[in-house]
Amino acid sequence: MTYFYLCGMQIFDNNKSEKTPISNIGEFGLIDELKKNIDISNSQTVKGIGDDAAVIKLDDKNLQTISKDLLIEGIHFDLSYTPLKHLGYKSVVVSISDIYSMNAKPEYILVGIALSNRFTVEAVKEIYEGINLACKKYDIDFIGGDTTSSTSGLMISVTSIGKVKNKEIVYRSGAKKNDLVVASGDFGAAFLGLQILKREKQIFIDNPKVQPDLSGHDYILQRQLKPEAALKYIKILHELKIKPTAMIDVSDGLSSEIIHIAKNSKVGINVYEEKIPIDHTVMNIASELNLNPIFCALNGGEDYELLFTINQKEYKKIEKDPDFTILGHVTEKSEGINFVTADGNSHPLDAKGWDSYSEK
(Lines give C-alpha, C1' and ligand atoms only; values in the text may rest on other atoms or scores of the structure.)
Protein backbone atom coordinates (compact mmCIF):
# COMPACT_ATOMS: atom_id res chain seq x y z
CA MET A 1 0.00 0.00 0.00
CA THR A 2 1.33 3.42 -0.94
CA TYR A 3 0.46 6.71 0.73
CA PHE A 4 1.28 10.39 0.70
CA TYR A 5 0.56 13.43 2.84
CA LEU A 6 -1.75 16.26 1.86
CA CYS A 7 -2.29 19.26 4.16
CA GLY A 8 -1.02 17.24 7.12
CA MET A 9 -3.34 14.28 6.47
CA GLN A 10 -2.16 10.84 5.49
CA ILE A 11 -3.84 9.79 2.25
CA PHE A 12 -3.81 6.16 1.20
CA ASP A 13 -3.67 5.06 -2.40
CA ASN A 14 -5.22 1.61 -2.79
CA ASN A 15 -5.03 1.67 -6.57
CA LYS A 16 -2.34 -0.88 -7.37
CA SER A 17 -2.61 -0.49 -11.13
CA GLU A 18 0.57 0.41 -12.97
CA LYS A 19 1.22 4.15 -13.18
CA THR A 20 1.87 5.88 -16.51
CA PRO A 21 4.91 8.17 -16.80
CA ILE A 22 3.95 11.48 -18.39
CA SER A 23 6.80 11.02 -20.87
CA ASN A 24 4.88 8.06 -22.34
CA ILE A 25 2.12 10.31 -23.65
CA GLY A 26 3.88 13.67 -23.90
CA GLU A 27 2.59 17.19 -23.32
CA PHE A 28 -0.29 17.04 -25.79
CA GLY A 29 -1.34 13.58 -24.67
CA LEU A 30 -1.43 14.88 -21.09
CA ILE A 31 -3.61 17.81 -22.15
CA ASP A 32 -5.99 15.39 -23.88
CA GLU A 33 -6.24 13.34 -20.67
CA LEU A 34 -6.84 16.34 -18.42
CA LYS A 35 -9.53 17.97 -20.55
CA LYS A 36 -11.65 14.80 -20.54
CA ASN A 37 -13.04 15.74 -17.11
CA ILE A 38 -13.43 19.47 -17.71
CA ASP A 39 -16.96 20.74 -18.33
CA ILE A 40 -17.88 24.24 -19.50
CA SER A 41 -20.84 25.69 -17.61
CA ASN A 42 -20.56 29.45 -18.19
CA SER A 43 -22.64 30.56 -21.18
CA GLN A 44 -20.09 33.25 -22.02
CA THR A 45 -17.35 30.67 -22.66
CA VAL A 46 -17.09 30.21 -26.43
CA LYS A 47 -13.91 28.11 -26.51
CA GLY A 48 -12.08 26.39 -23.69
CA ILE A 49 -9.09 24.06 -23.89
CA GLY A 50 -7.96 23.01 -27.35
CA ASP A 51 -6.80 26.08 -29.25
CA ASP A 52 -4.05 28.67 -28.91
CA ALA A 53 -6.26 30.74 -26.60
CA ALA A 54 -9.54 30.48 -24.75
CA VAL A 55 -12.37 32.59 -26.14
CA ILE A 56 -14.95 34.45 -24.03
CA LYS A 57 -17.96 36.39 -25.31
CA LEU A 58 -17.77 40.08 -24.38
CA ASP A 59 -20.87 41.31 -26.18
CA ASP A 60 -22.79 40.70 -29.41
CA LYS A 61 -19.88 41.92 -31.55
CA ASN A 62 -16.68 41.20 -29.62
CA LEU A 63 -14.80 38.28 -28.16
CA GLN A 64 -12.03 38.15 -25.58
CA THR A 65 -9.05 35.82 -26.01
CA ILE A 66 -6.98 34.60 -23.06
CA SER A 67 -3.74 32.63 -23.09
CA LYS A 68 -1.14 31.63 -20.50
CA ASP A 69 2.50 30.60 -20.91
CA LEU A 70 4.98 29.43 -18.31
CA LEU A 71 8.77 29.63 -18.68
CA ILE A 72 10.91 27.57 -16.30
CA GLU A 73 14.63 27.94 -15.74
CA GLY A 74 16.48 24.84 -16.89
CA ILE A 75 13.57 23.77 -19.11
CA HIS A 76 12.80 26.78 -21.31
CA PHE A 77 15.88 28.93 -20.78
CA ASP A 78 19.44 28.84 -19.47
CA LEU A 79 20.60 31.97 -17.68
CA SER A 80 24.23 31.26 -18.46
CA TYR A 81 23.58 32.60 -21.97
CA THR A 82 20.18 34.32 -21.75
CA PRO A 83 20.28 38.06 -20.89
CA LEU A 84 17.61 38.90 -18.30
CA LYS A 85 16.20 41.79 -20.34
CA HIS A 86 15.87 39.50 -23.37
CA LEU A 87 14.15 36.90 -21.20
CA GLY A 88 11.56 39.41 -20.00
CA TYR A 89 10.89 40.50 -23.57
CA LYS A 90 10.64 36.94 -24.85
CA SER A 91 8.24 35.89 -22.07
CA VAL A 92 5.75 38.46 -23.36
CA VAL A 93 6.24 37.54 -27.04
CA VAL A 94 5.74 33.84 -26.31
CA SER A 95 2.36 34.56 -24.74
CA ILE A 96 0.96 37.18 -27.12
CA SER A 97 1.94 35.02 -30.09
CA ASP A 98 -1.02 32.79 -29.16
CA ILE A 99 -3.36 35.79 -29.23
CA TYR A 100 -2.24 36.86 -32.70
CA SER A 101 -2.76 33.33 -33.99
CA MET A 102 -6.46 33.68 -33.12
CA ASN A 103 -6.50 36.78 -35.38
CA ALA A 104 -6.96 38.88 -32.25
CA LYS A 105 -5.10 41.88 -30.82
CA PRO A 106 -3.40 41.45 -27.43
CA GLU A 107 -4.33 44.28 -25.06
CA TYR A 108 -3.29 43.29 -21.52
CA ILE A 109 -0.85 41.01 -19.73
CA LEU A 110 -0.53 39.71 -16.19
CA VAL A 111 2.89 38.47 -15.06
CA GLY A 112 3.64 36.01 -12.28
CA ILE A 113 7.25 35.47 -11.26
CA ALA A 114 8.93 33.12 -8.79
CA LEU A 115 12.52 33.85 -7.74
CA SER A 116 15.16 32.12 -5.69
CA ASN A 117 17.26 34.17 -3.26
CA ARG A 118 20.20 34.35 -5.67
CA PHE A 119 18.42 37.11 -7.62
CA THR A 120 19.02 40.73 -6.68
CA VAL A 121 16.56 43.59 -6.96
CA GLU A 122 18.59 44.91 -9.89
CA ALA A 123 18.32 41.57 -11.70
CA VAL A 124 14.54 41.47 -11.27
CA LYS A 125 14.23 45.04 -12.52
CA GLU A 126 16.17 44.02 -15.63
CA ILE A 127 13.64 41.26 -16.37
CA TYR A 128 10.78 43.73 -15.99
CA GLU A 129 12.57 46.24 -18.20
CA GLY A 130 12.39 43.64 -20.97
CA ILE A 131 8.72 43.02 -20.21
CA ASN A 132 8.00 46.75 -20.42
CA LEU A 133 9.87 47.07 -23.73
CA ALA A 134 7.71 44.33 -25.25
CA CYS A 135 4.57 45.99 -23.93
CA LYS A 136 5.56 49.27 -25.60
CA LYS A 137 6.47 47.51 -28.86
CA TYR A 138 3.11 45.72 -29.09
CA ASP A 139 0.95 48.41 -27.44
CA ILE A 140 -0.02 46.26 -24.45
CA ASP A 141 -0.92 47.32 -20.92
CA PHE A 142 0.90 45.49 -18.12
CA ILE A 143 -1.91 45.42 -15.53
CA GLY A 144 -0.65 43.25 -12.67
CA GLY A 145 0.46 39.81 -11.55
CA ASP A 146 2.14 38.13 -8.62
CA THR A 147 5.60 37.56 -7.15
CA THR A 148 6.75 34.78 -4.86
CA SER A 149 9.88 32.95 -3.78
CA SER A 150 11.23 29.78 -5.34
CA THR A 151 13.57 27.05 -4.15
CA SER A 152 14.46 26.02 -7.71
CA GLY A 153 15.43 29.07 -9.72
CA LEU A 154 13.38 31.40 -11.86
CA MET A 155 9.85 30.92 -13.24
CA ILE A 156 7.87 33.43 -15.30
CA SER A 157 4.17 33.07 -16.07
CA VAL A 158 2.44 35.44 -18.49
CA THR A 159 -1.31 35.66 -19.08
CA SER A 160 -2.27 37.54 -22.24
CA ILE A 161 -5.72 38.98 -22.83
CA GLY A 162 -6.82 40.11 -26.28
CA LYS A 163 -9.86 41.19 -28.23
CA VAL A 164 -11.33 40.33 -31.64
CA LYS A 165 -14.61 40.88 -33.43
CA ASN A 166 -16.88 37.83 -33.61
CA LYS A 167 -16.62 37.58 -37.38
CA GLU A 168 -12.81 37.82 -37.36
CA ILE A 169 -11.90 35.04 -34.89
CA VAL A 170 -9.84 32.19 -36.39
CA TYR A 171 -9.51 28.73 -34.81
CA ARG A 172 -7.35 25.72 -35.58
CA SER A 173 -10.42 23.84 -36.70
CA GLY A 174 -11.59 25.62 -39.86
CA ALA A 175 -9.39 24.16 -42.60
CA LYS A 176 -11.30 22.68 -45.55
CA LYS A 177 -10.36 20.33 -48.38
CA ASN A 178 -8.42 22.12 -51.16
CA ASP A 179 -7.41 25.02 -48.89
CA LEU A 180 -3.81 26.17 -49.27
CA VAL A 181 -1.38 25.72 -46.36
CA VAL A 182 0.63 28.91 -45.85
CA ALA A 183 3.40 30.04 -43.49
CA SER A 184 4.92 33.40 -42.64
CA GLY A 185 8.65 34.05 -42.45
CA ASP A 186 11.16 31.21 -42.30
CA PHE A 187 11.97 28.29 -40.04
CA GLY A 188 14.82 26.68 -38.12
CA ALA A 189 16.75 29.80 -37.09
CA ALA A 190 15.72 29.80 -33.42
CA PHE A 191 16.66 26.13 -33.05
CA LEU A 192 20.09 26.71 -34.56
CA GLY A 193 20.61 29.77 -32.37
CA LEU A 194 20.08 27.50 -29.37
CA GLN A 195 22.55 24.95 -30.73
CA ILE A 196 25.23 27.63 -31.13
CA LEU A 197 24.65 28.90 -27.59
CA LYS A 198 24.86 25.37 -26.18
CA ARG A 199 28.03 24.68 -28.15
CA GLU A 200 29.79 27.81 -26.93
CA LYS A 201 28.71 27.13 -23.35
CA GLN A 202 30.19 23.63 -23.49
CA ILE A 203 33.44 24.94 -24.97
CA PHE A 204 33.68 27.46 -22.12
CA ILE A 205 32.95 24.77 -19.50
CA ASP A 206 35.68 22.57 -20.97
CA ASN A 207 38.15 25.45 -21.19
CA PRO A 208 37.20 28.66 -19.30
CA LYS A 209 40.08 30.50 -20.97
CA VAL A 210 38.31 30.26 -24.34
CA GLN A 211 35.77 33.05 -24.73
CA PRO A 212 32.51 32.35 -26.60
CA ASP A 213 32.62 33.16 -30.32
CA LEU A 214 29.18 34.25 -31.49
CA SER A 215 30.33 36.34 -34.44
CA GLY A 216 28.36 35.95 -37.64
CA HIS A 217 25.36 34.46 -35.85
CA ASP A 218 23.31 37.60 -35.19
CA TYR A 219 20.21 36.45 -37.06
CA ILE A 220 19.81 33.04 -35.45
CA LEU A 221 20.72 34.35 -31.98
CA GLN A 222 18.11 37.08 -32.18
CA ARG A 223 15.50 34.54 -33.30
CA GLN A 224 16.31 32.47 -30.20
CA LEU A 225 16.93 35.12 -27.54
CA LYS A 226 14.66 37.96 -28.66
CA PRO A 227 11.96 36.65 -31.00
CA GLU A 228 9.13 38.79 -32.31
CA ALA A 229 5.42 38.00 -32.46
CA ALA A 230 3.56 37.94 -35.77
CA LEU A 231 1.96 41.40 -35.61
CA LYS A 232 3.54 42.35 -38.95
CA TYR A 233 1.97 39.39 -40.74
CA ILE A 234 -1.44 39.86 -39.14
CA LYS A 235 -1.44 43.45 -40.38
CA ILE A 236 -0.57 42.30 -43.90
CA LEU A 237 -3.38 39.74 -43.90
CA HIS A 238 -5.81 42.44 -42.79
CA GLU A 239 -4.57 44.80 -45.52
CA LEU A 240 -5.00 42.04 -48.11
CA LYS A 241 -8.46 41.33 -46.69
CA ILE A 242 -7.59 37.69 -46.11
CA LYS A 243 -9.18 35.83 -43.23
CA PRO A 244 -7.49 32.42 -42.76
CA THR A 245 -9.77 29.40 -42.44
CA ALA A 246 -7.50 28.00 -39.69
CA MET A 247 -4.42 29.34 -37.94
CA ILE A 248 -1.84 28.50 -35.27
CA ASP A 249 1.49 29.94 -34.12
CA VAL A 250 4.61 27.85 -34.66
CA SER A 251 6.11 27.44 -31.20
CA ASP A 252 6.66 23.68 -30.86
CA GLY A 253 7.90 22.97 -34.39
CA LEU A 254 6.32 23.26 -37.83
CA SER A 255 5.48 19.55 -38.02
CA SER A 256 3.60 19.63 -34.70
CA GLU A 257 1.54 22.64 -35.73
CA ILE A 258 0.64 21.15 -39.13
CA ILE A 259 -0.64 18.08 -37.29
CA HIS A 260 -2.60 20.25 -34.84
CA ILE A 261 -4.46 22.00 -37.67
CA ALA A 262 -5.13 18.73 -39.49
CA LYS A 263 -6.46 16.95 -36.40
CA ASN A 264 -8.53 19.88 -35.15
CA SER A 265 -9.99 20.45 -38.61
CA LYS A 266 -10.47 16.71 -39.25
CA VAL A 267 -8.63 16.89 -42.57
CA GLY A 268 -5.49 15.58 -44.23
CA ILE A 269 -2.58 17.80 -45.27
CA ASN A 270 0.22 17.43 -47.80
CA VAL A 271 3.31 19.58 -47.20
CA TYR A 272 6.20 19.74 -49.68
CA GLU A 273 9.87 19.73 -48.69
CA GLU A 274 10.91 22.07 -51.50
CA LYS A 275 8.39 24.68 -50.34
CA ILE A 276 9.59 25.05 -46.74
CA PRO A 277 11.14 28.53 -46.33
CA ILE A 278 14.65 28.39 -44.86
CA ASP A 279 16.98 31.39 -44.60
CA HIS A 280 20.39 31.01 -46.25
CA THR A 281 22.00 31.60 -42.83
CA VAL A 282 20.17 28.57 -41.48
CA MET A 283 21.35 26.50 -44.44
CA ASN A 284 24.98 27.45 -43.83
CA ILE A 285 24.99 26.96 -40.07
CA ALA A 286 23.08 23.68 -40.28
CA SER A 287 25.79 22.43 -42.61
CA GLU A 288 28.48 23.66 -40.19
CA LEU A 289 26.81 21.74 -37.34
CA ASN A 290 26.18 18.67 -39.50
CA LEU A 291 22.41 19.06 -39.16
CA ASN A 292 19.69 18.68 -41.78
CA PRO A 293 18.13 22.15 -42.28
CA ILE A 294 14.76 20.59 -43.15
CA PHE A 295 14.78 18.70 -39.85
CA CYS A 296 15.60 21.96 -38.03
CA ALA A 297 12.74 23.74 -39.80
CA LEU A 298 10.19 20.99 -39.15
CA ASN A 299 11.11 20.16 -35.58
CA GLY A 300 13.17 22.98 -34.06
CA GLY A 301 10.41 25.13 -32.58
CA GLU A 302 10.37 28.66 -31.14
CA ASP A 303 10.05 30.31 -34.55
CA TYR A 304 6.77 32.06 -33.55
CA GLU A 305 5.74 32.32 -37.19
CA LEU A 306 2.15 31.87 -38.33
CA LEU A 307 0.89 28.70 -39.98
CA PHE A 308 -2.52 29.05 -41.58
CA THR A 309 -4.85 27.82 -44.30
CA ILE A 310 -6.72 29.92 -46.85
CA ASN A 311 -9.32 29.32 -49.51
CA GLN A 312 -7.81 28.96 -52.98
CA LYS A 313 -9.66 32.06 -54.15
CA GLU A 314 -7.19 34.08 -52.03
CA TYR A 315 -4.17 32.72 -53.92
CA LYS A 316 -3.67 35.75 -56.19
CA LYS A 317 -3.48 38.05 -53.17
CA ILE A 318 -0.41 36.36 -51.73
CA GLU A 319 1.10 34.79 -54.86
CA LYS A 320 3.98 37.27 -55.05
CA ASP A 321 4.10 38.40 -51.43
CA PRO A 322 7.59 37.60 -50.03
CA ASP A 323 6.20 37.46 -46.49
CA PHE A 324 4.28 34.24 -47.11
CA THR A 325 5.05 30.81 -48.55
CA ILE A 326 2.54 28.21 -49.72
CA LEU A 327 3.74 24.94 -48.18
CA GLY A 328 1.05 22.56 -49.44
CA HIS A 329 -2.66 21.93 -49.47
CA VAL A 330 -5.49 20.39 -47.48
CA THR A 331 -6.86 16.97 -48.45
CA GLU A 332 -9.43 14.48 -47.20
CA LYS A 333 -8.82 13.16 -43.69
CA SER A 334 -8.49 9.63 -45.09
CA GLU A 335 -5.39 10.69 -47.06
CA GLY A 336 -3.50 11.46 -43.84
CA ILE A 337 -0.89 14.09 -42.95
CA ASN A 338 2.04 13.72 -45.33
CA PHE A 339 5.46 15.17 -46.01
CA VAL A 340 6.36 15.01 -49.71
CA THR A 341 10.12 14.98 -50.28
CA ALA A 342 11.95 16.73 -53.11
CA ASP A 343 12.14 13.44 -55.05
CA GLY A 344 8.35 13.05 -54.92
CA ASN A 345 8.11 10.39 -52.22
CA SER A 346 5.38 10.83 -49.61
CA HIS A 347 5.81 9.92 -45.93
CA PRO A 348 3.53 10.32 -42.90
CA LEU A 349 4.53 13.50 -41.08
CA ASP A 350 5.78 12.89 -37.53
CA ALA A 351 5.62 15.44 -34.73
CA LYS A 352 9.18 15.55 -33.40
CA GLY A 353 9.08 19.09 -32.14
CA TRP A 354 9.48 20.48 -28.62
CA ASP A 355 7.81 18.53 -25.82
CA SER A 356 8.64 19.60 -22.26
CA TYR A 357 7.74 16.14 -20.92
CA SER A 358 9.87 14.12 -23.32
CA GLU A 359 12.71 12.18 -21.75
CA LYS A 360 15.92 14.14 -22.34
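**Exercise 1. Salt bridges**

Task: Which residues are linked with Asp186 in a network of salt bridges? Which residues pair with arginine 172, glutamate 73 and glutamate 200?

Solution. 

Step 1. Asp186, Arg223, Asp303 and Glu305 are linked in a network of salt bridges. A salt bridge is a side-chain nitrogen of Lys or Arg within 4 Å of a carboxyl oxygen of Asp or Glu. The whole structure holds 19 salt bridges.

Step 2. Note what you are looking at. This is a predicted model, where local features need pLDDT of at least 70, side-chain atom pairs count only at pLDDT 80 or more, and totals for chains, interfaces and linings use all residues. Residues are numbered from 1 along each chain as its sequence is written, and side-chain values use heavy atoms, with hydrogens and water left out.

Step 3. Take arginine 172. Its salt-bridge partner is aspartate 52, with the closest N and O atoms 2.6 Å apart. Arginine 172 sits in the loop between strand S8 (155-165) and strand S9 (180-184). Aspartate 52 sits in the loop between S3 and strand S4 (54-57). Helices (H or I, at least four residues) and strands (E, at least two) are DSSP runs, numbered from the N terminus.

Step 4. Take glutamate 73. It bridges to arginine 118, with the closest N and O atoms 2.4 Å apart.

Step 5. Take glutamate 200. Its partner is arginine 199, and the closest N and O atoms are 3.1 Å apart.

**Exercise 2. Buried or exposed?**

Task: Is glutamate 200 buried or exposed?

Solution. 

Step 1. Buried means under 20% relative accessible area, exposed over 50%, and partly exposed in between (1.4 Å probe, protein chains only).

Step 2. Glutamate 200 has a relative accessible area of 8%, so it is buried. Arginine 199 has 27%, so it is partly exposed.

Step 3. Arginine 118 is at 47%, so it counts as partly exposed.

Step 4. Arginine 172 and aspartate 52 are both buried.

**Exercise 3. Aromatic pairs**

Task: How many aromatic pairs does the structure hold? Describe two of them by geometry and place.

Solution. 

Step 1. The structure holds four aromatic pairs. Rings of Phe, Tyr and Trp (its six-membered ring) pair if their centres lie within 6.5 Å. Planes under 30 degrees apart count as stacked, over 60 as edge-to-face and the rest as tilted.

Step 2. Tyrosine 100 and tyrosine 138 form a tilted pair: 6.3 Å centre to centre, 55 degrees between the planes. Tyrosine 100 is in helix H2, and tyrosine 138 is in the loop between H3 and strand S7 (141-149). They are 38 residues apart. Tyrosine 100 is buried at 2% relative accessibility. Tyrosine 138 is buried at 4%.

Step 3. Tyrosine 128 and phenylalanine 142 form a stacked pair: 5.9 Å centre to centre, 15 degrees between the planes. Tyrosine 128 is in helix H3, phenylalanine 142 in strand S7, 14 residues apart. Tyrosine 128 is buried at 18%. Phenylalanine 142 is partly exposed at 29%.

Step 4. Ring pairs also link Tyr233, Phe308 and Phe324 into a cluster.

**Exercise 4. Strand pairing**

Task: In which sense do S3 and S4 run? How many bridges join S6 to S7?

Solution. 

Step 1. Two strands pair if DSSP finds at least two bridges between them.

Step 2. S3 and S4 run antiparallel, joined by two bridges. Threonine 45 stands opposite isoleucine 56 in S4. The two strands form a hairpin with six residues between them. Glycine 50 in the turn has a positive phi of about 130 degrees.

Step 3. S4 and S5 pair in the antiparallel sense over four bridges. A hairpin of four residues joins them. The bridge partner of lysine 57 is leucine 63 in S5.

Step 4. S6 and S8 pair in the antiparallel sense over nine bridges. Proline 106 stands opposite glycine 162 in S8.

Step 5. S6 and S7 run parallel, with eight bridges. The bridge partner of valine 111 is glycine 145 in S7.
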